[in-house]
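User: I'd like to understand the terms used for this fold. Could you take me through them?

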Amino acid sequence: MFKAVSNALGSAFGWNDNQYDAVNPGKKRRSSGNNILSHDKALGTSDRFQLIESARDINRNFAAGAFMIRKHLDYVSTFSFQPQTGDAKLDEDLTTLMRWWSRPENCDVGGRHSLHSIIRLAESHRTIDGDVFLMKLRSGHLQGIESDRIQNEQGLGVVYETDVPKAVRKVHGIHVDKGGRPIAYDVYSKQQNWTYEFDKTVKASNILMHGYYDAFDQIRGISPLAAAIPTFVDALEMKEYARLKAKVSQLFALSITRTSAMYQDVSCDQTEYDVDFGKGPVMLDLDPGDEANFLESKNPSTEFQDFITMSMQVASKALDIPWSFFDEAYTNYSGSRIALLQYVKSAQSKRESNQRLLDKITRWKLAQWVSEGMLPLDLNLRALRWTWIPSGTPWFDIKAEAEADIMLIQNGLKTRREVRQERYGDDWSNVVDELAAEKAKLDELGFTQAPQVGGPDAGE
């Protein structure tokens, strides 16, 4: 009897024994289907272009979305070059060369962007478009190539070429071998009539590809904003509707209601009121039975504001951005501090990806400088060591957190170099050199010690 009842309930409510509910959505949930596609196949050419344009539209027209992208860039795309060869003279030469080349006229083919700006733009493009490409030129410059300019002929998504000796396929404009390693890139140029014209095929050795990936077999990058774009678009549209509704509600009107029986008789002379609110405060002297009210509407409603806030909180998680970054009054000091620590942790892998891009650029430039005689010809490039240090995260509470860092250093749990890199984004050895130079200058001028703040003579 119990089994019969159970089977009946199972049939009525869609329950199934020994199965996952996720694969039995029934009629109340959206089914994801059972066709497993690669990321490159699931996002065809037209869909890819639509996704790119949707993300760009968010960056162009939605201030909150653009803020999240900029804040993401602030934390993951700023680095300083630090050579670590062990040779002080060589380190100084490398630093000087990198600083010189990083100027816009030396590193950007268009002469507009410094190396810092190029890396920030590259991160911006891979965040919005999914991927971006930097072409290394013989002149020593870098040329940025946006995602939509790498594509297949006639807009085809995935094309298999059978007329070559090796198994080569072309995926969204990238020629790849069996293992998925890029061999060459098809570059198109944008035309004035919104079309593309084939420009050239570039060997993979001359292209630096930078993108976001979620799968091992994925060839083209996909924007991390993809999951949040519907929410952004809905919020943008609802905000516009609320703005229009609020404008209408500001065009207030005066309503006069006649309740006396004599005023309900349309045959009698009705009293008319001539009211002009443009001349300042107005006092109405109403006839008996008349009542004056202002027509108003509370726009936008509290429920609408809460819904928009919740939507934006969810959308910001596409970039792991804490809501306290957007609304500084959202939480207290402890909450803001914990949110920052969690965000910095999530930014680590994104920083490492940009560091790898900078390492590739550095190796390319070092080889060029050696071949041009700007560095010793017998220099062993494989033995050279350097690092690109990400920008630091300053203290919230300087006194308390600085004392904590000092305690960690004194107990051997942290080094001065780690603290300096974490807080200021540079190397401690540079600070030592500057302190030594400062002390030498003070000694030269006859100062026995640096002025102390808050000493016994302070304020005299």
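User: What makes up the accessible surface of the chain?
Analyst: The accessible surface comes to about 29800 Å², and 54% of it belongs to carbon and sulfur atoms. Such areas come from the Shrake-Rupley method with a 1.4 Å probe. Keep in mind that this is a predicted model, where local features need pLDDT of at least 70, side-chain atom pairs count only at pLDDT 80 or more, and totals for chains, interfaces and linings use all residues. Residues are numbered from 1 along each chain as its sequence is written, and side-chain values use heavy atoms, leaving out hydrogens and water.

User: How many of the residues are buried, as a percentage?
Analyst: Of the 460 residues in the chain, 34% are buried, meaning under 20% relative accessible area.

User: What makes two strands, such as strand 2 and strand 3, a pair?
Analyst: DSSP must find at least two bridges between them. Strand 2 (residues 131–136) and strand 3 are joined by 5 bridges, so they pass that cut-off and run antiparallel. In one of the bridges, lysine 136 has leucine 142 of strand 3 as its partner.

User: Why are strand 3 and strand 9 at the edges?
Analyst: The open sheet has the order 3-2-9 with antiparallel pairing. Strand 3 (142–146) and strand 9 (207–211) each have a single partner strand, so one side of each lacks a neighbour in the sheet. From one strand to the next, the twist averages 25 degrees.

User: Which helix packs on this sheet?
Analyst: Helix 12 (residues 333–371) does, touching strand 2, strand 3 and strand 9; contact means heavy atoms within 4.5 Å. The direction of helix 12 makes about 175 degrees with that of strand 9, on a scale from 0 to 180 degrees between N-to-C directions.

Key
Buried means under 20% relative accessible area, exposed over 50%, partly exposed in between (1.4 Å probe, protein chains only). Helices (H or I, at least four residues) and strands (E, at least two) are DSSP runs, numbered from the N terminus.
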